[in-house]
Structure formats: structure tokens, C-alpha cells
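Thank you all for making the time this morning. I would like to walk through one model with you, going from individual sheets and helices out to the whole chain.

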Amino acid sequence: MTELHLPGSEQYLRSSTPHNPSARQEPSAVVVARSAQDVADAVRVARERGWQVAPQATGHGAAGDIGPGTLLVDLSALSDVAIDPVARTARVGAGAVWSAINSAAAEHGLLGRGGTSSSVGAAGYTFGGGVGWLVRPHGLASGHLTAVDFVDSAGNQRRAADDADDESDRDALWAFRGGDGVGIATGLEFDLVPVSALWSGYLLWDAEQIDAVVTAWARALPDVGPALSSTISVLHAPPIPLFPPELQGRWVVHLALASTRGEEEAAALMTSLESAPPPAVTTWGPSDADRLAMIHLDPPPGTAALGGGRWLGPDAARLAPDILRAALDDGSELLMVEIRHVENSDPALPGAMTSTPGPFLLHAVGAAGEPAQRERLNASLHHLWTVAGPAETGRPPRPSARGSAQPGPH
Ligand SMILES: Cc1cc2nc3c(=O)[nH]c(=O)nc-3n(C[C@H](O)[C@H](O)[C@H](O)COP(=O)(O)OP(=O)(O)OC[C@H]3O[C@@H](n4cnc5c(N)ncnc54)[C@H](O)[C@@H]3O)c2cc1C
């Protein structure tokens, strides 16, 4: 019988304290799954007691909606990673995080389609679409998910695959590909990408240069190589050594870029940026999986943040300076506003969301303190969506987007 960890126990506290502390998690009990059978047992226990089940690998996507009457299934121990270098595929446990997957893949000259933070789990990320540094040449993570082992709502162990005998298992894979899936995944299989000339890095400017820098970035996009993915953001630089002393405590423009085909893919962008003042920091250069994981300057675990996103159409390039400037407005509670260039022609597998609905992804976060601050943050986000409105595609970033202020990538 699966061990239930109850409120007050050390394991309960460990499993129900998510990466993003803006979420409150007060499940009736916690189960730590060490096998698919443990997950199946947990589902049966929850059914017997009339509880809901909440799977969680890292708590990065914690939405603050885990309350009594819920059994939290901690999947972090299902962290196995197996790479097949010949087939160029990975088979990972549902608790595996991108740092482990990509360091194993990199030993064979391969990479997975991980996102900006290497501590994010492959499961929740992929089931939500998964927009990472390889998005322009290689698409969304969801579009390359080939199989999922999962436990259904009756506690049965199943395998979602395109060639499954049972139609419902074929449909389940469709739903796991960007539609948050059905049931609780215990393992995933997906394709990897051969990468031989990885370049990545970031450039920083004081936000006083926002118009010149953002305009130069947007102007260059039609001419950059298809293997270059980039994000441009304004963020409030904390007083940590990652930022030079003159930028600490100030608003900065942060341009992060990654190319799977070397320096040349960014040549048009670098030429365009010559029209802007020189950056205070440049780290653009030859890269590896570890370096790639550092370029987004994500804050450390434990940062309470809420945010949201929008898929944007081509007009976002023209509106980019106005959109990013919204973070600098007096009274704004936003700490970071980012536009990702995600345009691609990747031949994705069919699924709930396996291709990018627009060429740009807007994402914003702010500090999530007391209720009054959350309300002000919601107002700031509302203002941001209004500024970006003319470029909106009308599709939310996740099929299950929850409310206006939700835990976000920061
Ligand atoms: C710092 C940071 C950076 C990020 N960067 C990116 C990015 O670059 N691109 C991007 O697309 N997203 C990004 N995200 C968002 C991230 O993809 C989601 O928060 C995702 O849900 C995290 O997955 P997880 O498994 O780590 O999270 P968890 O908190 O463990 O899970 C989140 C949700 O995923 C689902 N889930 C998790 N495991 C399972 C399972 N085994 N079976 C079924 N459902 C499951 C559940 O609905 C769960 O509530 C980022 C988030 C953070 C905090």
C-alpha cells in the first residue's frame, strides 16, 4: 500500500512547497511515487476517498489551486533518463528535468527541446506545448512527443502512442501533445536534435536605450537565419553579480539568443544592432547545454511571481517597443516583459498544440505579494494585453490558461 504523507510530516512539507511560492498547496495528503505502480495505487486511494489527484514533478507550474480533498502525487523521484543515440530519442521518467536530459543528450551531440530554465520538468513543459531555445529550427517540444506511459482515472497503466491498438490511447497522445494530456504520465519518449554548432548568449543595455535596441532587433528579424531563436525583454535587474554594478537595481533591456548553426545565423541582427548604443554586457559565443541554460537570467528558485502570456502575430514586431515599455510605466507591478521570436516551419506531429499559433510569444511576470499587490499586478497585466491587443492571435498560450495572473516562467 502506498504511503500517505500527512500534513505536519517532513515529506508532506517538502512535496507541497513548490518552486514558485506564490502558490499555496494544502492537499489532504502526499504520495511520493517511485514507480508507475505507485502512481496507479495513488489513483485508486484517491478514488476510494473521493479525492482529486494533482501530479507534480517540480512545482514550476504550480497554480495555487491544490487544496484539501486533493492527493498530491510527487513524481520527482521518477527521474530516469535514457538516451538512444542511434535513434536520437530520449525515454525519461515523468519527474526528469531538462538539465539532466540535456546533459545526457549532449554526450552524444544531441539536445532536447528544453525551455529557458533547465530545472523545469519535461512532463509539464511538454504537455503545455514547450517553447524553448530550439523553437525556430525544431519547433515545440509537444510536436515531437512520440509516446507517454500514463495511469488513467481508473488507476490502469496505459501507453499513449500513435500505433496503440486502443483508439483512446491514440487520442491520449494527441492530448498530451500540448493539451495538458489525460491522466498522470509516468514516462515520456521524444525525439532529440543533433546540434554540432551551438552558439548562445545575451546582451544587456540600460533601459534608456529601449527604443533603439528593440527597433534594431525587430528590423533584423526577417533577415536572421532560421536556426536563430531570440527573446527580448525588459527586466528589473536585481542586485546580484550576474549584472554589472552600474545596471543593478535598474531596468535593463535583455536580448538572449541561441543558434544551432553557429554565429552566422545572427549576422543580420548584429549588423542591425550597430545602430544602437553598444551593450553593457555581451556573452554571445560558442555554447553548450550548460551555458544555454543560463542565458535567460531566470531568478533563483523561491521567487514568488505571477504572470501570463499571449501569442502574437506579425504586428508584434512593429509594436515591440510600446509593448516592452509597458513595464516601465509609473505604478506598474511588472518585473519582466518579454517577446520571444518563435516563427518556424517545423513539421510537427499532430496534437492539441504542436505548432506555434503566431510568430511571437509575449510573456510577462510581476511580484506576487499580498492581495492588494496581486490586484495591482492584474491591472498592469490588463494594460499590457491592451497595448499588445492589435497584434494578438486570439489563442491563449496554454489551452488550459488559468485566470489572468498565473505562475509563469519566472
Ligand atoms: C523558471 C521557469 C522557466 C520556464 N520557461 C519556460 C519556457 O522557456 N518555455 C515554456 O514553454 N514554458 C516555460 N515554463 C513554464 C513551464 O513549462 C510550466 O510551468 C510547466 O508546467 C512546468 O512543468 P513541470 O513538470 O516542471 O511543473 P510541475 O509544477 O511539476 O507541473 C505543472 C503541471 O504540469 C502537469 N503535469 C506535471 N507532471 C505531470 C504528469 N506526470 N502527468 C500529467 N500532468 C503533469 C500538471 O498539470 C501540473 O500541474 C517555465 C517555468 C518556470 C518556472
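Predicted model: local features only at pLDDT ≥ 70, side-chain atom pairs only at ≥ 80, totals over all residues.

Let me begin with a strand pair: E2 and strand E3, which covers residues 70-74, run parallel to one another and are joined over 5 bridges. Within that pairing, Pro55 has Val73 of E3 as its bridge partner.

Stepping back from the pair, we find an open sheet of 3 strands with parallel pairing, in the order E1-E3-E2. Its edges are strand E1 (29-32) and strand E2 (52-56), each of which pairs on one side only. On average, and ignoring direction, neighbouring strands in this sheet are turned by 25° against each other. Packed on the sheet is helix H2, residues 36-49, which touches E1, E2 and E3, and whose direction makes about 175° with that of E3.

Now to another sheet, where 5 strands with antiparallel pairing form an open arrangement in the order E4-E5-E9-E7-E8.

Helix H6, residues 167-176, lies across E7, E8 and E9 and runs at about 70° to E8, while helix H3, residues 98-106, lies across E4 and strand E5 (89-93) and runs at about 30° to E4.

Let me stay with H3 for a moment: which of its residues are buried? They are Trp98, Ile101, Asn102, Ala104 and Ala105. Viewed down the axis of H3, these buried residues fall within an arc of 160°, and they therefore line one face of the helix.

Next, two backbone details in loops. Asp180, in the loop between H6 and E9, has a phi near 70°, which is a positive value in a residue other than glycine. Leu297, in the loop between helix H9 (289-292) and strand E16 (305-312), likewise has a positive phi without being glycine, in this case near 55°. Are these residues buried or exposed? Asp180 is partly exposed, because 16 other C-beta atoms lie within 10 Å, whereas Leu297 counts as buried, because there are 20 C-beta neighbours inside 10 Å.

Finally, the protein as a whole, whose secondary structure comes to 11 helices and 18 strands. Its radius of gyration is 21 Å, close to the 22 Å that the globule rule gives for 410 residues, so the protein is as compact as a globular protein of that length. The C-alpha trace spans about 65 × 55 × 40 Å along its principal axes, and 54% of the 410 residues count as buried. Among contacts with a separation of 6 or more, 73% are accounted for by residues 24 or more positions apart.

Definitions and conventions
Residues numbered from 1 in each chain as written. Pairing = 2+ DSSP bridges. Helix = DSSP H or I, 4+ residues; strand = E, 2+ residues; numbered from the N terminus. Axes fitted to C-alpha atoms, helices over the stretch in contact; angles between N-to-C directions. Contact = placed C-beta atoms within 7 Å. Buried ≥ 20, exposed ≤ 12 C-beta atoms within 10 Å, placed from the backbone. Arc of directions from axis to C-beta. Rg over C-alpha atoms; globule rule 2.2 N^0.38 Å.
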